[in-house]
Amino acid sequence: KLILTDPVFTSAVGQMSRRLVEPGLDVANVPVVDAVLISHLHFDHLSLGSIEQLQDRIRTLILPEDGLVYLTDFAFPALELPRWHHWEKDGLRITAVPVIHNGMRYGIDVGWMERAFTGYVIQYHGVTVYFGGDTAYGPHFRETRRRFPKIDLALMPISPIEPRGFMKKSHVDPKEAVQGFLDLGAHTMMPMHYATFVNGQDQEGDALRALHAATRDKRLGAERVAVLEIG
């Protein structure tokens, strides 16, 4: 099965923030996609331009609650998945799980977009993957572990970090991401959501330096925290 999480193939998001690195795969070479998972509606996660490029190859697109209001008219089936609900087809099971973030897209909609953000747990043939989207640190990691006690891989965001007083309410820093990974009880963590777009005041390399410090502190080696090059 092929699953894409928050795919962004465009050169910029929101017509403002340009890519710092190229995508790892040419959009023309993407095969049929069994499911596209959208964690929330921010421009660097719900990229309508990228979905348009992929639309003839998407079998199903899944969004959080209230997400369909911002999805334009595409040919593929799309659905909203409330937290703790699941979608299943041909042995592929996807469950929406809670995160701490915000669902607004334009700023003026923050007052009513109170549920439009989620994480996902993906299960297929005995393999379980957690996708955290964007999230602050909180008890939801342990809550997810209680329902999914055997997570093989956790895809964890590690930035933006600064300004910390502002970011902390909606984004884990690398130390919190590692603690969230441990709270999940997952076997392996893969960091994501860093060094691709400028969306905070972090300096180049800050996220990975902080991640390496956090993994040393927890005595976690490369077999537990797998850092791949962006793309």
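The model is predicted. Its open sheet has 6 strands in the order β7-β8-β9-β10-β11-β12, with mixed pairing, and helix α2 lies across several of these strands. Helix α4 packs with helix α5 at an angle of about 45°, while the axes of α2 and α4 cross at roughly 25°.

**The sheet**

- The sheet is open, and its 6 strands follow the order β7-β8-β9-β10-β11-β12 with mixed pairing; the strands at its edges are β7 (86-89) and β12 (188-192), each of which pairs on one side only.
- Averaged over the sheet, and with direction ignored, neighbouring strands are turned by 15° against each other.
- Strand β11, which covers residues 153-157, pairs with β12 in the parallel sense, and 5 bridges join the two.
- In this part of the sheet, Leu 155 stands opposite Met 190, a residue in β12.

**Helix α2 against the sheet**

- Helix α2 is formed by residues 140-147 and lies across β8 (92-97), β9 (119-124), β10 (127-131) and β11, running at about 160° to β10.

**Helix α2 with helix α4**

- Two packed helices are described by the angle between their axes and the distance between the axes.
- For α2 and α4, the axes come within 7 Å and cross at roughly 25°; because angles under 35 degrees count as roughly parallel, the two helices are therefore roughly parallel to each other.
- The crossing in which α2 passes α4 is right-handed.
- On the α2 side, the contact is made by Phe 141, Arg 142, Thr 144 and Arg 145, and on the α4 side by Gly 180, Leu 182, Asp 183 and Leu 184.
- Sorted by class, the residues in the contact of α2 with α4 are 3 nonpolar, 2 polar and 3 charged.

**Helix α4 with helix α5**

- Helix α4 (residues 174-184) packs with helix α5 (residues 206-217) at an angle of about 45°, and their axes are 8 Å apart; that angle makes α4 oblique to α5.
- The crossing of α4 and α5 is right-handed.
- From α4, the residues Pro 174, Lys 175 and Val 178 take part in the contact, where they meet Ala 207, Ala 210, Leu 211, Ala 214 and Thr 215 of α5.
- The residues of this contact of α4 with α5 divide into 6 nonpolar, 1 polar and 1 charged.

Notes:
Residues numbered from 1 in each chain as written. Predicted model: local features only at pLDDT ≥ 70, side-chain atom pairs only at ≥ 80, totals over all residues. Heavy atoms only, no water. Pairing = 2+ DSSP bridges. Helix = DSSP H or I, 4+ residues; strand = E, 2+ residues; numbered from the N terminus. Axes fitted to C-alpha atoms, helices over the stretch in contact; angles between N-to-C directions. Contact = heavy atoms within 4.5 Å. Parallel < 35°, antiparallel > 145°, perpendicular 65-115°, else oblique. Left-handed = near helix turned anticlockwise from the far one by under 90°. Nonpolar A, V, L, I, M, F, W, Y, C, P; charged D, E, K, R; others polar.
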